[in-house]
Amino acid sequence: MTMPFELIVGAWVATGLTLLIFTFLYKDNPLFKLAEHLYVGVSVGYIIVKTYDTVIVHLVVKPIVENGEVALLIPVAIGMLMLTRYVPKAAWMSRYAFALIVGMGAGLAIPRTISSFILKQVEDTVRPLLSLTGPDGMRFSMDVLNPSSNLNAIIILLGVSSVLFYFFFSIEHSGLGKAVARTGIIFLMIAFGAAFGYTVMARMSLLIGRLTDLIEFSDASYGRPAIWLLILIVGALFVLARRRPDHPPDTR
Amino acid sequence: MTFSERMLQIDRRIIFLVIGLCTLLPLLYPVGLPIKITSEVRAVYDHIESLPEHSVFLLSIDFDPASKPELYPQAIAILRHAFRKKLRVITITLWVSGTGMADQLVTQVAKEMEKAYGKDYAFLGWSPGGQAVIINMGQDLYSAFPSDYGGKATKDLPVLDGVRSLKDITYLVSLGAGKPGVEEWYVFGKDKYKFEMGGGCTGVMAPGLYPLLRSGQINGLIGGLRGAAEYESLIGQKGKAVAGMDAQSATHFAIIVLVLMCNAFYFSLRQQRK
């Protein structure tokens, strides 16, 4: 089965740009800059076209012209006020639009954020250190893998209070205070370690994604772009490395 | 210059080469290391598994091609699962830069699972506003998305029968690579309109979302390529994520060895200077 032409072109473009970006690992060079500028340009171009088509054409012009929804002119007018920033004498008018957006944004975000990130998280952090199990009396569960176990509640208590102590209490960290602050540092290091581990995993996943594509595009059905372009780019790097600089370094 | 000094000043390109080889070789010659399923990924799977046929499932594809290697396999696995369970699948994106990719993704999986557009699934596209879109969808889905990605009126889509707002959604999964993403869907969607929700994210974001998972604000979390590989294993359709896990393990091993070696050389140098 023959591969569609646009897929083959796409494979060559994707492979070329990937390899050009990878040349940065050798050193900063014009090939990398070309790919970098293309990436930024294409991304911005795509977003502008998509936004124009969705917002201006489908959400503004068509409803007004085809369905007569003239009420849409009000948000359009408010949006247009923002453009007055480019006319110094009329720039003050943009404040009405910004006031509306900031006011509405804050009004929507503040209550929801307090509810979701402060109250719910405090609720989850403040847990009883012992469980009451009815007539059997109090019980202590030791399961580390169960987030709601009593042992985990104690670990969270230790972690939250020691980290808060390390950051907030401006007393000298000596004696018992030093021990608590050091415990806080250990908890922080564990948290940073976990975050770093996940970050490494994420970056490696991106590399795996690119390499998977390069392996796929080294197939004969695409015309082996990965192999040919790799040879071409290595050759170009070699030529660039041997080229004399326009301005030789000052050796005086 | 001692050996330790030389090793600590090694050209960074040698390290890049080692990492590159550790990633490339397992991709070319896979070993098939076992994949352990974590409870947070299983929770998303179990919830979709427990949904009755024709439940309304909303998948928000909140990423763009920059996060494709991690989130694309997650999206494919979840869509395959939802289609297999015969759910009514509605997909949208809150990221304008991910619109074309999301359309391609949904169309590809639906074609593979032989699902009909409009009847079994729909892609509503992108609408401007970020979190405002979520609030708008909570009030009236048709005002947030008057037409789908192809320009067809959403009211005419049979897959949306009986769905007026987010309150009519049975389960939602947001696959987010930043803002707006999982957090925004919780804050402006689930917390306000009360539906069950799971999340998927890039590896970088996962530690920041674990507090939401622990407190039960989201019922499950698929983190990075590893999470995608776990989901692929759960649905029994191994794809790109599972294929990448050998490389992931090899690279992590290489990084651990490099960190240990660096520390060993550093301490040995300090000992010599004493």
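Which residues of chains A and B are linked in a network of salt bridges? A:Arg210, A:Asp213, A:Glu216 and B:Lys240 are. A salt bridge here is a side-chain nitrogen of Lys or Arg within 4 Å of a carboxyl oxygen of Asp or Glu.

This is a predicted model: local features need pLDDT of at least 70, side-chain atom pairs count only at pLDDT 80 or more, and totals for chains, interfaces and linings use all residues. Residues are numbered from 1 along each chain as its sequence is written, chains are lettered from A and ligands numbered from 1 in the order written, and side-chain values use heavy atoms, with hydrogens and water left out.

**Figure 1. Chain B as a whole.** Chain B comes to 11 helices and 6 strands. Both are DSSP runs, numbered from the N terminus: helices are H or I with at least four residues, strands are E with at least two. The C-alpha trace of chain B spans about 75 × 35 × 30 Å along its principal axes. Of the 274 residues in chain B, 53% are buried. Buried means under 20% relative accessible area, exposed means over 50%, and partly exposed lies in between (1.4 Å probe, protein chains only). Take the contacts in chain B with a separation of 6 or more: residues 24 or more positions apart account for 74% of them. Contact means heavy atoms within 4.5 Å. The accessible surface of chain B is about 11700 Å², and 58% of this belongs to carbon and sulfur atoms. Accessible areas come from the Shrake-Rupley method with a 1.4 Å probe; for residues, only the protein chains shown count as cover.

**Figure 2. The interface of chain B and chain A.** Chain B brings 48 residues to the contact, and chain A brings 42 residues. The size of an interface is often given as the accessible area lost when the parts come together. Here the buried area is about 3800 Å², with 69% from carbon and sulfur atoms. Buried area is the accessible area (1.4 Å probe) that two parts lose on being put together, summed over both. The rule finds 4 salt bridges across this interface. A:Arg112 and B:Asp191 form a salt bridge, with their closest N and O atoms 3.3 Å apart.

**Figure 3. Helix H6 of chain B.** This helix covers residues 131-139. Its buried residues are B:Val133, B:Ile134, B:Ile135, B:Met137 and B:Gly138. They pack against helix H4 (94-125) of chain A. Within chain B they pack against strand S1 (56-62), strand S2 (88-93), helix H7 (141-144) and helix H8 (182-193).

**Figure 4. B:Lys179 and its partners.** B:Lys179 forms a salt bridge with B:Glu183, the closest N and O atoms being 3.2 Å apart. The side chain of B:Lys179 also meets B:Glu184 in a salt bridge (3.5 Å, N to O). B:Lys179 is exposed, at 60% relative accessible area. B:Glu183 is partly exposed at 23%, whereas B:Glu184 is buried at 9%. A cis peptide bond joins B:Lys179 to B:Pro180, with omega about -5 degrees. B:Pro180 sits in the loop between strand S4 (171-176) and H8 of chain B.

Figure 5. B:Arg226 and B:Glu230 form a salt bridge, their closest N and O atoms being 2.9 Å apart. Both residues lie in helix H10 (residues 224-235), 4 residues apart, about one turn of the helix. An α-helix has 3.6 residues a turn, so residues three or four places apart point the same way. B:Arg226 is partly exposed, at 29% relative accessible area. B:Glu230 is buried, at 2% relative accessibility.

**Figure 6. B:Pro207 beside chain A.** B:Pro207 lies in helix H9 (residues 206-214) of chain B. B:Pro207 counts as partly exposed, at 25% relative accessibility. Not counting residues up to four places away in sequence, B:Pro207 touches A:Ala194, A:Ala195 and A:Tyr198.

**Figure 7. Positive phi at two loop residues.** A:Arg224 has a positive phi of about 50 degrees, although it is not a glycine. A:Arg224 lies between helix H6 (176-216) and helix H7 (225-242) of chain A, and is partly exposed at 38% relative accessibility. B:His54, also not a glycine, has a positive phi of about 70 degrees. B:His54 lies in the loop between helix H3 (39-50) and S1 of chain B, and is exposed at 52% relative accessibility.
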